[in-house]
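Have the 3D view ready and turn it as you read.

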Protein chains: 2
Amino acid sequence: MRYELFYWPTIQGRGEFIRLALEEAAADYTDVARERGRGMGEAAMMKVWNDPKFDRPPFAPPFLRAGKLVIAQTANILQYLGPRLGLVPKAEATRLWAHQLQLTIADFVVEVHDTHHPVGSGLYYHDQKPEALRRAAWFTAQRAPQFLLYFERLLQRSGGDYVLGRRFSYVDLSLFQIVAGMRYGFPNLAARHESKTPRLVALHDRIAQRANIAAYLASERRIPFNEDGIFRRYPELDK
Amino acid sequence: MRYELFYWPTIQGRGEFIRLALEEAAADYTDVARERGRGMGEAAMMKVWNDPKFDRPPFAPPFLRAGKLVIAQTANILQYLGPRLGLVPKAEATRLWAHQLQLTIADFVVEVHDTHHPVGSGLYYHDQKPEALRRAAWFTAQRAPQFLLYFERLLQRSGGDYVLGRRFSYVDLSLFQIVAGMRYGFPNLAARHESKTPRLVALHDRIAQRANIAAYLASERRIPFNEDGIFRRYPELDK
């Protein structure tokens with residue numbers, strides 16, 4: 001199966017969780033909005049997104065085309081890809097648990113995003129800076145530690161090197177991205193807290209060394225973190 | 001199967017989307033934190049939530065116990081219950097689509113919540129009122145219409161009375177709750193916009209008349225909307 005990923009071409013954002021899964025599995029995929037040529041580029045994404053004849057339009061990117069299917073919502077896409085790419089065990093109970101964790105990661109991602117956009121995503125950061133300072137203070141003091149310690153606790157209880165135990169899964173890839181993102185966007189917070197989440201940090205390092213992930217991270221396909229994405233480095237928000 | 005729902009006992013909140021599904025299907029369930037007696041009440045919920053021996057703890061309520069399974073994340077619970085309660089068609093593509101819509105509804109619910117808690121859920125509303133006024137202005141002008149018109153468009157394209165087409169599903173129950181919640185929390189916005197979403201309003205009315213839902217809404221099991229839940233009536237936020 002050839003997969004087509006549709007996502008904003010200049011940021012990691014939510015699409016990155018899907019890119020990591022496709023890269024780890026060495027899947028045959030096209031990152032449509034980043035390609036040039038006929039039927040490619042951001043215009044091609046907008047066309048699928050806004051097709052008035054399509055009865056199952058996504059609300060927002062990322063979305064994935066797989067044959068006749070168009071699937072949106074990051075966690076839903078990963079739930080679909082997981083078994084097909086060998087990135088999740090077979091048992092239904094384990095898949096539900098993996099998906100539950102992915103949805104919890106999605107909640108965390110919203111909170112990261114809202115540190116710089118607490119008023120609304122249609123305004124620039126500099127137009128909502130006072131609100132962002134308050135929101136980020138709450139995030140760094142309370143919410144980020146709460147989420148990160150939760151994931152650490154899961155790794156402690158999993159009975160293996162991975163969050164599901166001895167079996168690697170797409171959730172581990174997403175946890176790698178969370179650690180990498182926090183290091184970029186909140187280096188002070190990360191420096192303060194990483195000693196309290198040694199298993200999470202070790203997981204990050206283990207994932208970064210997987211052959212396909214290491215190759216991906218070293219390639220031009222990995223878009224650098226930047227101040228248009230979800231994890232942004234605004235020092236004033238990282239006290 | 002006897003289901004046990006664990007959620008805050010005094011609000012509709014996210015648990016309401018699950019209560020509606022269980023009620024529609026006349027499922028055998030206990031709303032644990034709302035019951036009294038041995039093994040019941042909020043303390044029983046906290047015990048399962050914080051059990052140090054449990055290797056798959058939820059991050060937050062709601063969660064559902066079904067035999068040996070404990071499942072969290074509202075949309076994940078509904079995805080699990082859907083086939084078991086006859087509330088979603090069998091085809092995988094349709095189930096993925098239903099789940100995608102439920103996740104989009106979950107995103108909308110976060111935005112509703114953040115109108116009154118833009119800084120953080122650990123602070124009272126009155127401690128973040130200036131931020132709430134700005135966030136709510138963006139919500140009522142941009143985001144709420146965007147989501148509601150999206151759902152209207154889906155109903156227009158579905159080819160039936162329900163969001164999946166001719167087949168009723170748990171997603172319709174959640175859309176009912178969205179319309180009911182907007183009428184409670186944002187009556188001015190609802191009054192301005194309902195003429196633009198006639199199909200969504202008609203769906204709400206159709207769901208309210210289903211025998212089991214009508215009985216539930218008239219019962220004491222339906223907790224009234226209030227200012228501790230997600231949909232809150234703060235007139236200053238509904239301009």
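This is a predicted model: local features need pLDDT of at least 70, side-chain atom pairs count only at pLDDT 80 or more; totals for chains, interfaces and linings use all residues.

Let's zoom out to the whole of chain A. Chain A has nine helices and four strands, and if you read along the sequence they come in the pattern β-α-β-α-β-β-α-α-α-α-α-α-α. The radius of gyration of chain A is 18 Å, close to the 18 Å that the globule rule gives for 239 residues, so chain A is as compact as a globular protein of that length. Its C-alpha atoms fill a box of roughly 50 × 45 × 30 Å along the principal axes. Of the 239 residues in chain A, 46% are buried. Take the contacts in chain A between residues at least 6 apart in sequence: 67% of them join residues at least 24 apart.

How is chain A divided? There is a domain 1, covering 3–84, and a domain 2, covering 92–210. The centres of these two domains of chain A, taken over C-alpha atoms, are 23 Å apart. Where they touch, domain 1 of chain A puts in eleven residues and domain 2 of chain A puts in eleven residues. On the domain 1 side of that contact in chain A, α1 (15–24) and α3 (74–84) each supply at least two residues. Sorted by class, that side of domain 1 of chain A has five nonpolar, three polar and three charged residues.

Next, bring in chain B. Chain B can be laid on chain A with an RMSD of 0.0 Å, using a turn of 180 degrees and a shift of 0.0 Å along the axis. The two copies are thus related as by a two-fold rotation axis. The same surface serves both copies, with 100% of the contact residues of chain B recurring in chain A.

So who touches whom? Between the chains, 30 residues of chain B are in contact with 30 residues of chain A. On the chain B side, β4 (69–72), α3 (74–84), α4 (92–116) and α5 (129–157) each give two or more residues. The one that gives the most is α4(B), with eight residues. By class, this side of chain B has 15 nonpolar, nine polar and six charged residues.

Let's go inside. The largest nonpolar core has 134 residues, and those with the most contacts inside it are L5, A21 and L175, in chain A and in chain B. Pick A21(B) and look around: leaving aside neighbours within four places in sequence, A21(B) is in contact with L78(B), L81(B), L85(B), L87(B), Y170(B) and L173(B).

Most residues other than glycine have a negative phi, and most peptide bonds are trans. A26(A) lies in the loop between α1 and β2 of chain A, and it is exposed, with 12 other C-beta atoms within 10 Å. Over in chain B, Q73(B) has a positive phi near 75 degrees. Q73(B) is in the loop between β4 and α3 of chain B, and it is buried, with 28 other C-beta atoms within 10 Å.

For the peptide bonds, check P61(A) to P62(A): this bond is cis, with omega near 0 degrees. P62(A) is found in the loop between α2 (42–49) and β3 of chain A. In chain B, a cis peptide bond joins P61(B) and P62(B).

To close, go back to G86(A), where we started. G86(A) is partly exposed, with 13 other C-beta atoms within 10 Å. Its C-alpha atom is 7.6 Å from that of A25(A), although G86(A) and A25(A) are 61 residues apart along the chain.

Technical notes: Residues are numbered from 1 along each chain as its sequence is written. Chains are lettered from A and ligands numbered from 1 in the order in which they are written. Domain bounds come from an automatic or database domain assignment. Two residues are in contact if their C-beta atoms, placed from the backbone, lie within 7 Å. Ala, Val, Leu, Ile, Met, Phe, Trp, Tyr, Cys and Pro count as nonpolar, Asp, Glu, Lys and Arg as charged, and the others, Gly among them, as polar. A nonpolar core is a set of buried Ala, Val, Leu, Ile, Met, Phe, Trp, Tyr and Cys residues joined through C-beta atoms within 7 Å. A residue is buried if 20 or more other C-beta atoms lie within 10 Å of its own, exposed if 12 or fewer, and partly exposed in between; C-beta atoms are placed from the backbone. Copies are superposed by least squares on the C-alpha atoms of residues with pLDDT of at least 70 in both. The radius of gyration is taken over C-alpha atoms; the globule rule is 2.2 Å times the number of residues to the power 0.38.
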